[in-house]
Every structure is written in structure tokens, then in C-alpha cells.
Amino acid sequence: MTALIFFIFAGIAVFCGINLVAQTHPIASALSLIGVMGSLAILYLQLGGEFIAAAQMIVYAGAIMVLFVFVIMLLNAGAEGALQTSRFVRYFGIVLLAAFLGLISFIIQSMLPRTEGVVFGLFQGGTAVDVGRKLFTIYLLPFEVTSVLILIAIVGAIVLARKEI
Amino acid sequence: MNFLILSLIKAAVVAFVLLTALAYLQWIERKVIAHIQLRVGPYRVGPHGLLQPLADVVKLITKEGVIPSHVNRVFYLMAPWVAVTLALISIAVIPFGPEIQIGPIKTWMQLTDLNIGILFVLAVSSVGVYGVALGGWASNNKYALLGGLRSSAQMISYELPLGLAVAAPLLLANTLSFRKMVEYQSGYWLGFIPRWNVIPEIFGFAVFLIAGFAETNRVPFDLPEAENELVAGFHTEYSSMKFAAFFMAEYANMVTVTAVATLLFLGGWTPPFPEPYSDAIPILVFLIGGLIAFYHGLQPARKMDKFTLPATGLVFLGIAAIFGVSLVPALAVLKAILMALFWFCGKIGILLFLFIWVRGTLPRFRYDQLMRFAWIFLFPLSVINLLVTSLVVALTSK
Amino acid sequence: MSLWLIPIFPLLGFLVNGLFGRRFSKGLVNLFAIGSVALSFAWVLKTLLGLGAIEGEHVEHYYTWIQSGMLNIGVDFAVDRLTAVMLMVVTGVGLLIHIYAIGYMEHEGGYYRFFSYLNLFMFFMLVLVLAQNFLLLFVGWEGVGLCSYLLIGFYFLEGFATNAGNKAFIVNRIGDFGFSLAIFLIYRQFGSLDFTKVFDAAKGMPVEASAGILTTITLLLLVGATGKSAQIPLYVWLPDAMAGPTPVSALIHAATMVTAGVYMTARSAALFTKAPISMDTVAVIGLATAFFAATIGLAQTDIKKVFAYSTVSQLGYMFLGVGVGAFSAGIFHLMTHAFFKALLFLGAGAVIHGLHGEQDLRQMGGLRKYMPVTAWTLLFASLAISGVPGTSGFFSKDAILVAAYERAPWMYWLGVLTAGMTAFYVFRAWFLAFTGKYRGHAHPHESPLVMTGPLMVLAALSLAGGFINVPHWLEPMFPEKAENQMLAWLSAGVGLAGIAISYVFYVAKPGLADSFANSVKGLYTLVYNKYFVDEVYDATVVQPLIKGSRTVLWRGVDAGLIDGTVNGIGTRSRGIGGVLRLLQSGSIRTYAAWVVLGSVVVLLAIGFAGGAR
Amino acid sequence: MANGVPLNWYLILSAILFGLGVAGFIYRRNIITVFMSIELMLNAVNLTFITFSYSFKQVDGHIFSFFVMVVAAAEAAVGLAIILTVFKNRETLMVDDVSSMKY
């Protein structure tokens, strides 16, 4: 059952990821990204991260991506034209990417030779209580700093989006 | 496998009841609005137009599904089903009553319970905007696009006060599960004041309801479909079942919002009066309803009333009788189910009536007023409410 | 007992007045400023009554301020008998001076600013007194220095006031430098800065091991004390500090802050008693300062300058007392001095206030008619400082002198001579101001009750304060010294003689003073110009420093070395940047590809190095 | 396989998604799509965090991915505001058209 769920949603994630890159229209890309996020949320649940799965849906899919879709609709962004990439990218990009993926997979396989399987429910430390407790004790300072970051982002966004600029 | 079968049965029951209720909710809305405006509303199909929803469904199904030529086909077709799926899915975590035991089977009157049930509802509702936004965009129509844009901006803006208003009762009850939330609210202060969150969290409740109106695109926040500005907003280009799907999504969202409001603030299925008194209430309600129907049947205003009203009265009396029978100790299970359903549905019904009532009386906001109201008034109010609540919780705990 | 409440009231007063005082009416400013100090005073009373006879010390730990390796410094407050005396003096005299300042500052600009600084000063002074470790004491120490600087330069539109403020600050820096070195050494030696731990460790040290290090530490502490308490050679800032408003001179530069050095020395008695060389140095410096400042005081014509040199001189007495081992006598004199010197300054302030800013003694005279209360209270203060039997000065000063006699008779004789001079110049000032005919042109008037009230209270304290037996109270901490009635009466007699000479010079035969001054013209000029110490310092220290900074530090180091380095780096960077610019094509995609290339290289490195593991 | 999926597969899925993000970043012209590719990469990284969190039975990974989300939100707000401004000034969303540092 766990394996089945993994394969279904990993498949969806990869498919949506490819779709994101392949589609020329930004709205299609955005929806693909939401698909990736949704399937990742399921995988998080499987790994015991129920709070983070909900946060993934609320924050990522529900807020950030709505913002993206909003901007795409607002700018009425059309499909993009032909690719006119630089020579460097054209010749080396694919090669580099392939090398990148291959290396990462190799390293993961060789450095972490764990064959331990994922069992749903084995790790239940990801509830809202656990996350909250850690967040407001050990990680309190980073948490507060992030709130300042958010504040700065709000101010920055407002300043940037003013009419006068 | 027992669990699977049980779940399937429960899902089937809930889905059937919910979909029927949605259809009839529309009938109720039309009737109530009509009476507010001194009209009679649907009257032709069936007694008092009771069969009108059925007729509507048949009409919508058999109608030709026009797909305009200039739309983005994939998204155009996808949007209404995204909307309705996401609207219906949150009902899965809403509990309707306590744990009951029928013979050997022990189960909750709920499809599934998540530790993070409330977060789940929030997550689903926050994704729910895609249906509207996508539909508006894919229609390739400036009115529809404006409707979609308005909808997404409005949803993002009102989600903040909504989330903050929800957080306050969560702090009080210290849980994210609906069941525990209701458990926390059961019992009475001083023996007769129900321990509902609405009493300490009256501001939170108000903010939640207002934001709920906006999240469901209801009057006075129905700018995405403002007919005198945007024709019909995001669903201008939709017809037949696709239109019906959008419609269903709106009503399902209303039910979800009212159900969540009931669970978070109004104590879910817990009665407002202590045990022996609360048992009598449903019997009395249905009894009086039946008697009134009989009385009006004796002095019929229209020709058909001679038959329909006494029939309705009989049904009411029958329900009252069932409630009465359920008081027999041997039928405790029945009583538990009936009582929970009565109070839960009663509260939801009152809130839904409020939605309809508001639609019948209030005019629509202007768009800038809508945004200002969210950011300048609701948001600070909910923040202050949350701060005060957390302060009180922090001071009183331990 | 919540000791933290004592300093927190003035801090709140400072915050409220400092932040919002500009919008407040004067009454509201007064309420917060005086109210906070009054609350603080009341809390001191309550605390001390609650503690009763304080055996040992009462320590309160609030939180750990610094925790780093071995270094563990807490914000700890403590009360023992010494602190109790200081608390009473600081809050009591401080309260009186605050009240007085209402009247004095009435027509001045920056009213709220003045009171907020004054409250801030009270806060830091109380922290200094209550501190239970050297670092916290240093915080208070620096804080009062800051407030002193702010208040000396209160009339910041006047050049001399800002210059005086700068001078006070810079001279104090030298002392603070010594003090901080002493703190470092203490930490290095004892591994802690907590008073109890340090002093216990010091007491337990064998003499052979302790002599060298403790002498170094105490001498460095002494450097700090001479800076703050205006002793030779760092006394030069105090007379100039009279540029500030008179209540400031009374509170900071007479009664409280300048005695911090004495307090610190007495607090570190456990260290000092183990270092005889330092003790002798303290005594000699104190005595020299007392004598030296007294001679300068003889010829000053500015009424505040007279009292300023008198302060320096009296502080010298305190150091003498501490230096000869009579710590309790030093603290006793600290307390009585706070009474009568505050009174002298406040009286002088009343005179200046009544004369609309006139400070020159030659422009006064006969003021007794116009301002009787001021005249009488000042007379009492003068009697007290002269050591007339029965007044507070008699008890405290003579306790010091007797202790000095025990140590070395010549110290006693020099001290007695200084006492005579003190009596002479204080009464010279009094006679010049209040007897004879009025020589000025202003319209003198008596001050309002809000100013004369504190004067009267302080006058009572100056007269009767000697009967508060501080040495006895402090006996558990500092053993009492032997008494010697004969020596005491002798010094009192010399004081009376000083008064008599003064009477002859300035009342009986007014011309005599000038002719006497003419007969020893060279000496008079020398004394009148304060031995040209400021000029000598200017020539030997200040000017070389300025010149050195200009030529070496500015032209050489700053312009040549630092700017050269920076410019050089800049030029090289531009060169390198010119080459690297070729990569900066402006295409984000190319950049990304470079990043990917980089990460592939890193991954390759990991793959070959760690991946094979 | 009876014991579920090996943990490594989650990591490899994450690597694949990350690679797709990089590819999108390099090969897409539309600045919004480029931005979304970045979000995809962040998501991929989050998956590794959660996976390791499961592996070590520690909640810290969740916290980190929570922070990543917050940073992503801030980034989206500012980034989209910048995109809006760029569009207002240049009327284009193509990254190649905004290659000059000034105008």
C-alpha cells in the first residue's frame, strides 16, 4: 500500500514537474506546480509530516501559487515564443543537467546505502504539537527573525508595487 | 476490511444526503428570498414548488453544454470540476455527532478524523479558489477574467482574518481535531450556560462569519459574480452541468463554512440546554410545527393547501413521535443519533438562514471598500482578538 | 526586598521625561522627576528598616548577564552597612537637590532635559552603589560619568560649557582606563568579579603571594579613583565642571559622584589593606590634594570655584582617611561632606540665582540683608566645614586627622594646616558675600521656599549630622580607630584661628587683604592662576597629542597607510573586475548554467572523495 | 519491497524534481515560469528535509522546511512585485529582454 501510494504520487509529481518545464504557457506551468505540491503533500503525510503537509497546502498551494496565478492573469501573460538561448547554455545545458542528476543519484546511492523501507505511521513526531513545541523553544530566535523577514518582504512588496515607480 | 465497508457506507449516506440537501438549499434560498421580497417564489412544480430542484437538475443535465470557440479548452472544462470537488471534499472530516455503537459496530458519525482536521479544511478551502480563478481565466472573456481576478484577490485577503479567527478557539481548546474541539465545548458554566466558544470568542465568531461570507462569494461580497458589473462574473461563459457544478460548489462551500463555524464556535452537536430539558426541545419544535400546519390547513389560503398542509403537519408529528420514542432507554443509540443530528443540523440551518437573510437584505460592497474592510478592519480586529486570547490562555494555563 | 526597585524608579522617571517630557508641563515633569526620586528614597527607607541591623550582606541575584567560559557575571545587587550609608546619602541628598532644582531651573530652557539627565544620574549612581561585582559597578561608574558630561555641558550653546564637559569626559577616560585594567587583572587573578568571592580570595592569600599583584591592582584602582574623585594629578576637570547648573555641581560634583572613588576604595578595603604601598600612595595623594587644592582656594574670586577647590580638598581628606586605614572615618566624612558641601553649593546657587547669574565674589557683599535664610544656612555650612566643635565637620574631619596622626604625625600637621586654610577661604567667601556693603549692580532677592527649604534641611543636617555615629555603624566592616581628644581640639582650634584671620582680613580691616596679596605678589599670582597646572598639562600632554595625531596618525597612518591600502585594493579590484566583466553577460540563464557547472564540480569532488566511502 | 519503499527513492525523487527545476530555470524564457522553477527546486529540497527527518526520527527537518516555506512566501511577495514593476516599465516578461543592467 505504501509503495503504491509512493509510486502513484511520485509519478504525478514527476509528470507535473516535466509538464512545468515543457508547457509554454505559464498558467499551465503554474497548475503543474500545484500538482507537484499536492502530491508532495501526500508524500509528506506518508513520511509522518502531517503538519507540514497541511502547511504545504495552505501556504504553498493556497497562498503563494494563488499569487502566481493572480499575477499571470493580471499581466495576461501569453505563451512564450521560440527559445533563443545563449550558446553556452545550448551546448552544455543538457549535458550539465544529465551529469548533475547522475552524480546526485550516484552519491545518494553510495553514501546512503540504507535499504530501510518507509512504513507509514512509524514516525509520528510531525504533529502540530511537536512542530510547535520545537518551533517555540529551540527555534524561537530563527522564528522571530523570519517574522522580521516577512515584515521586510511586505514593506518591500508594497514599495515596489506602488504606482509611482 | 470491516473499516473499508463501514467507510463506504458512511460515505454513500453522507454524499446522498449532502447532494440532496444542496439541491434543496437552493429551493429554500429562493423561497426565503421570495418571502423577504413579498413574492411566493417557486410554486408550480409540486406543492409549494417542492419538486423545483428536481426539475432544475433535469433541465441542466439535458441542456446542451456549449463550449465557446475562443476558450482554453482544457482549463475551461477542468475549472468547474476542480471547484466542486474541492468544495465537497472538506465534508469528509466534518463530524456530525458523537461516537455511537450499533450492535458490535462502534463508529463515529464522521467520515474520517484527522489530527489536523481544521487545518485540512483550511487547506482545501484555500485551494478552492483555483476553480473560480481558472474558470474566469480560461473563458477568455474580460468579464470572466475580472471575476476570476477579483475572486483570487478577495480569497487571499479574507483568508488571513479567517485563519486568525479560527486560531483563537484552537488556542482555547488546544487541539486541531474537530472531535476534541466539540468535546472541549461540551458541558455548562454555572450549570446552564453552554461552554461554547462563541461566548469568549464573540469577536472571533463575527470575524469568522464575515470572512466566511467573503470566502463563499456570497452577498455582500459577491463581487466575482456581480451581475450588474460583470454580467455573471467568472461563470459568464458556462452553461448546463458545468454551470451547475459551479453552483453546487458555492452551496457546498456555504455548508462547509457553517458547519465549521458550528463546530468551532457553537459547540457542534452539543445542545444549548442541559440534558433533560434539551430532550424535550425537538419534540416540542416538531409538535408545534405540525400543529401550525394543521391550523393553516383548516383555513386554506389557496386551493391546494387543504391537502398539502395537513400532510406536512402529519410528517412533523411523525418526526416528533420518533423523537419521543427515542427517549425510551432501550433506544439510546437512536436518541444519540437523532439528538446530535437535530442540534447540529439546527445550528447549521440557522446559520444558513442567516446567509440567505443577508443576501435578501444587504447591498453589495464596492471593490475598494471590500479590500479596505478586510485589511483595515477585519485583519486588525482578528489579530487583537488572537492576542488577547493567547494572553488569557498564557495567564490562566498552569 | 526587591532592591531593583530602588534604581528602577529614577530610570522610569528618566524614560518618561526623556521621551515625552518635551510635551509635558513643568508640573508634570516635576511630578515624574521628583516623584521617582522620592519613591526611590522611600523604598530605600523601607528596605533598610526591613533589614534592620544588617549583619553581613544581603545579596539579590536577578539574572546572568554574561556567561562565557569561566566568566560568569550576574546582575546582582547587594546591601551591606557601607551601601546603606551610601544609599541614604545618595537618595536623601539627591531628593533635596531635586526639589531645590525646581526653583533654580525655573527660568532655564531644556527643563525636562535637565531633570531627565538628573534622574538618569540617580539611576546610575544607585547601580554603582548597589552593584555586587566590579563590572556592574563599572557600568554605574561609566553611567554617572556620562551624566556628568551631559550635565556639565547642559548649556551646550556656550563654548566653555561644552569644553568643560569634554575635559571632564576625557580626563575621566584616563582614570577609567586604569580602572578597567584593574578589573581585567582582578578577573585574571581571582577568576571572578563578584565582590564576595574576590575579597574572600584576597583575604585568604598569603602575604608573599599577594603583595605584588594586589599592589598593582590597587594602584590601578587608585588611578580610576583619582579620575572620578578629582585627585592629583587628574583633578583638573572638577573646577571646570562648575560650568554646569549649580544643582548639578551640588549633586554630582560635590555630594555623590565624586565620592564614588572613595566608596570604591572603601569597598575594596580587603584588597587595599593587603597592599601597604598602595595605602601609603592613597594617603599621600589625598593629603597632597587636600593641601594643594586648599592653597588654590585661598585666592579664587568665583564663588563656585572656591567651593570647587574646597571639594577637591575635602575629597583629599577622604582619601587621606581611607589611605591611613580609617575607612569608616573616610566614609563618615563622605557623608558629612555631602551635607555641608551640597549646602554650600546650593547656597551659592541661591546667591547666584538671587543676583541673576553673578558669580564673582567681588561683585557681592552685604547680601545678608537681602537673603537672610541663605546667609544663615551658609554660615552653618561654613562652620561645619571649618570643623567648629559640635558641627558635623568636627567629628568626621577630626576622626580622619586622628587616624592620620596614628600613621605619621607629619600627615596630621599638614592636615591641620589645611583645615586652617579651609576655614579661612570658606569664611573669606562668606564674609565677602554677606557682610559689608553691596558692591554689585543687580537687585538681590531671597529665593523661593522650594529652594530655601532644602537649604534649611541641609543646614540642620550639617550641624547635627556629626552625631550620626557612622564609624560605629560601620565597625563590623572596618574596625574603629583610637580616639584622641587633645588632637581633635587642637585641629578645631586651628580652624577657629582660620576663621578669625579671615574675619580680620575681610571684615575688621578690609584693606589688609589686598596689601598682603601685593606683598607676596609672585606667590599670589601663582596661586590665583592655580599653579598654571592647566597650562602645563596643555603644553606637555594636550598639544603634543594633537600635533602627534595630526602628523603621524592623520597624515601618516590614515592618509598614507589606510587610504593607500584601500585605494590599492580598489584599483586592483577594478582591474580584476575588468576581466571578470566578460562573464557578466546579463543573461540569467547563462548565470544559472554556470551555477550548475559549479555544483557539478562540487558533486564530482564529493563523489570521488566521500562517495567511495 | 515488502517493507515499503526504500528511503533513497524519496531522495532520488527529490533530485529528479530539483533537476527539473534547474532545467526549467535554464530553458524557460518567461520570468514567471523561471520563478516557478525556483519554487519547484525549493519543494524538492523540502522533500529531502522531510525524508531525513523521517530517517532520523527527528522533527527538526519539518521545522527547516517550514522556514523554507516562509522564505518562499516572502520571496514570492517581493519577486512578484518586482516582476510587476519590470512589466510596467518594459512591457515584457521574457528574461532575455531584460538582460541589460540599466535602461
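Helices (H or I, at least four residues) and strands (E, at least two) are DSSP runs, numbered from the N terminus. This is a predicted model, in which local features need pLDDT of at least 70 and side-chain atom pairs count only at pLDDT 80 or more, while totals for chains, interfaces and linings use all residues. Residues are numbered from 1 along each chain as its sequence is written, and chains are lettered from A and ligands numbered from 1 in the order in which they are written.

**Stop 1: a cis bond in chain C**

Select C:P233, in the loop between α8 (207–228) and α9 (237–240) of chain C. The peptide bond that joins C:I232 and C:P233 is cis, with omega at about 5°.

**Stop 2: the rest of chain C**

A residue is buried if 20 or more other C-beta atoms lie within 10 Å of its own, exposed if 12 or fewer, and partly exposed in between, with C-beta atoms placed from the backbone. Of the 613 residues of chain C, 51% are buried. Two residues are in contact if their C-beta atoms, placed from the backbone, lie within 7 Å. Among the contacts in chain C with a separation of 6 or more, 81% are between residues 24 or more positions apart.

Next, colour the strands. Two strands pair if DSSP finds at least two bridges between them. Strand β1 (residues 58–68) and strand β2 (residues 71–79) of chain C run antiparallel and are joined by 9 bridges. Click on C:H61 and you will find C:D76 of β2(C) opposite. The two strands, β1(C) and β2(C), form a hairpin with 2 residues between them, and C:G69 in the turn has a positive phi of about 60°.

Then pick helix α2 (residues 26–51) and helix α4 (residues 111–130) of chain C. Their axes are 10 Å apart and the helices pack at an angle of about 10°. Axes here are lines fitted to C-alpha atoms, for helices over the stretch in contact, and angles run from 0 to 180 degrees between N-to-C directions. Angles under 35 degrees count as roughly parallel, over 145 as roughly antiparallel, 65 to 115 as roughly perpendicular and the rest as oblique. That is why α2(C) and α4(C) are roughly parallel to each other. To see where they meet, show residues including C:V29, C:A33 and C:V37 in α2(C), and C:Y112, C:F115 and C:L118 in α4(C).

**Stop 3: where chains A and D touch**

Show chains A and D together. The contact takes 74 residues from chain A and 61 residues from chain D. On the chain D side, α1 (7–27), α2 (31–56) and α3 (60–90) each supply at least two residues, and α3(D) gives the most, with 22 residues. Ala, Val, Leu, Ile, Met, Phe, Trp, Tyr, Cys and Pro count as nonpolar, Asp, Glu, Lys and Arg as charged, and the others, Gly among them, as polar. The side of chain D that touches chain A has 42 nonpolar, 13 polar and 6 charged residues.

Zoom in on helix α1 (residues 2–22) of chain A and α1(D), whose axes come within 9 Å and cross at roughly 10°. This makes α1(A) roughly parallel to α1(D). Residues that meet here include A:A10, A:V14 and A:I18 from α1(A), with D:L13, D:L17 and D:L20 from α1(D). The contact of α1(A) with α1(D) has 12 nonpolar, 2 polar and no charged residues.

While you are in chain D, click on D:I38 in helix α2. Is D:I38 buried or partly exposed? With 18 other C-beta atoms within 10 Å, D:I38 is partly exposed. Leaving aside neighbours within four places in sequence, D:I38 is in contact with D:G21 and D:F25.

**Stop 4: chain B**

Finish with chain B, which has 14 helices and 4 strands. Of its 398 residues, 43% are buried. The mean pLDDT (the predictor's confidence in each residue, from 0 to 100) of chain B is 82.

Two residues here deserve a click. B:L38 lies in the loop between α1 (2–36) and α2 (52–62) of chain B, and has a positive phi near 60° although not a glycine. B:L38 is exposed, with 6 C-beta neighbours inside 10 Å. B:N174, in the loop between α6 and α7 (178–185) of chain B, has a positive phi near 60°.
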